[in-house]
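I opened the notebook to follow one chain. I wanted to look up charge pairs, helix packing and model confidence.

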Amino acid sequence: MAFEPSVTLQVSTDDCDGSCAETVVRIAAANDACDMCEIRLRHCGPDGGRLRLAGQAKAWPAAITLADFLVANLASALTGWRVLELGCGLGLPGFVCAVLGADVLLTDVVEACPLLQSRVKQNAPQLRGTVQVCPLSWGADAASAAMANYGNYDLVICSDCVYEPLYGKSWRPLAESVTAFCRAGSVALVSVQRRDGEFEDAVDGVDKFLKAAEEMMPTISVTKVFVSTPL
C-alpha cells in the first residue's frame, strides 16, 4: 500500500457491539479515497477485561493532534525511520507511524504491554512498517538499559504524558528519556494538553518539562504541539 505525500486522518470511536469500544483510525491518500488503511485499537483485552489506566480509556486529544501533525508533516518521510513512542497508551500516534512505513517501538507500563501486543497482532496486515512493544520506565538509567537492546531513534514521540497533579514530577525522568534516546539529527515531538488550574489551581507542569527538555537537548530539534482546548 503506497501513500501520496498528502494524506488524511480520521479518528472515531466504535462500540457498536456494546462489549468493548475501539478507536478506529483511517488514513487515506487525499487524492484517492480508495487507497485507505484502517486500524482498530481495542480498549480492552481479548477476554473483555479493561485496564484501569487513563491512557487506555480513550484516544486523548493530544494523541489525536500528534497523529494529525505526523500525517500532515511527515507522511512522505517516515518510511524506514526508527520511531519510539513513550507512554504510548492506546499507541495511536505510533501505529500511524507504522502505517506510514516506520519501524516503531511502543513503550508503556508493563501492565499495558499484553493489550498493546494484541493490537499489534490485530493490525499487522495494515502496517507498512513494524511495531514492537516493550515495558519501559522513564529516566536516564532505564533508558540506558533499554538502549543496550534498542539503540537510538530518528523520532521520539509522546502525548499527554505531562500533568503534575496526576503524574507528579515525572516530567523530569520523561525529559531524561527523550534526551537519552535521541542523537544528533533526531526529532522529538511532544504533544501536551494545557490544564493549568484544572485541579485546585495546580500548574500542569508543562512549562517545567519544556524548560528541562530544552536544557537537556540543546542540539536536538524539538517541535512542540499543543492542544489548548478539548476536541
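**Entry: a salt bridge.** I looked up Arg26 and found it in a salt bridge with Glu38, with 2.8 Å between the closest N and O atoms. A salt bridge here is a side-chain nitrogen of Lys or Arg within 4 Å of a carboxyl oxygen of Asp or Glu. Arg26 sits in strand S2 (residues 22-29) and Glu38 in strand S3 (residues 32-42), twelve residues apart, so the pair links distant parts of the chain. Strands (E, at least two residues) and helices (H or I, at least four) are DSSP runs, numbered from the N terminus. By the salt-bridge rule I count six in total.

**Entry: ground rules.** This is a predicted model, where local features need pLDDT of at least 70, side-chain atom pairs count only at pLDDT 80 or more, and totals for chains, interfaces and linings use all residues. Residues are numbered from 1 along each chain as its sequence is written, and side-chain values use heavy atoms, with hydrogens and water left out.

**Entry: confidence.** I checked pLDDT, the predictor's confidence in each residue, from 0 to 100. The protein chain has a mean of 83, and 80% of its residues reach 70 or more. Over residues 1-5 the pLDDT is below 50, yet this stretch has 18 contacts in the model beyond near neighbours in sequence. A contact means heavy atoms within 4.5 Å. Where pLDDT is low, the predicted coordinates should not be read in detail.

**Entry: H1 and H2.** How do helices H1 and H2 cross? The axes of H1 (residues 61-74) and H2 (residues 92-99) come within 8 Å and cross at roughly 20°. Axes are lines fitted to C-alpha atoms, for helices over the stretch in contact, and angles run from 0 to 180 degrees between N-to-C directions. That makes H1 roughly parallel to H2, a label for angles under 35 degrees. From H1, residues including Ile64 and Leu70 meet residues of H2, among them Val96 and Cys97. The contact residues divide into ten nonpolar, no polar and no charged. Ala, Val, Leu, Ile, Met, Phe, Trp, Tyr, Cys and Pro count as nonpolar, Asp, Glu, Lys and Arg as charged, and the others, Gly among them, as polar.

**Entry: H6 and its partners.** I then looked at H6 (residues 171-181) against H4 (residues 140-150): their axes come within 8 Å and cross at roughly 30°. Ala143 and Met147 are among the H4 residues in this contact, and Ser177 and Phe181 among those of H6. These residues divide into six nonpolar, one polar and one charged. H6 also packs with H7 (residues 206-216) at about 30°, with axes 9 Å apart. H6 and H7 are therefore roughly parallel.

How values were computed:
Parallel < 35°, antiparallel > 145°, perpendicular 65-115°, else oblique.
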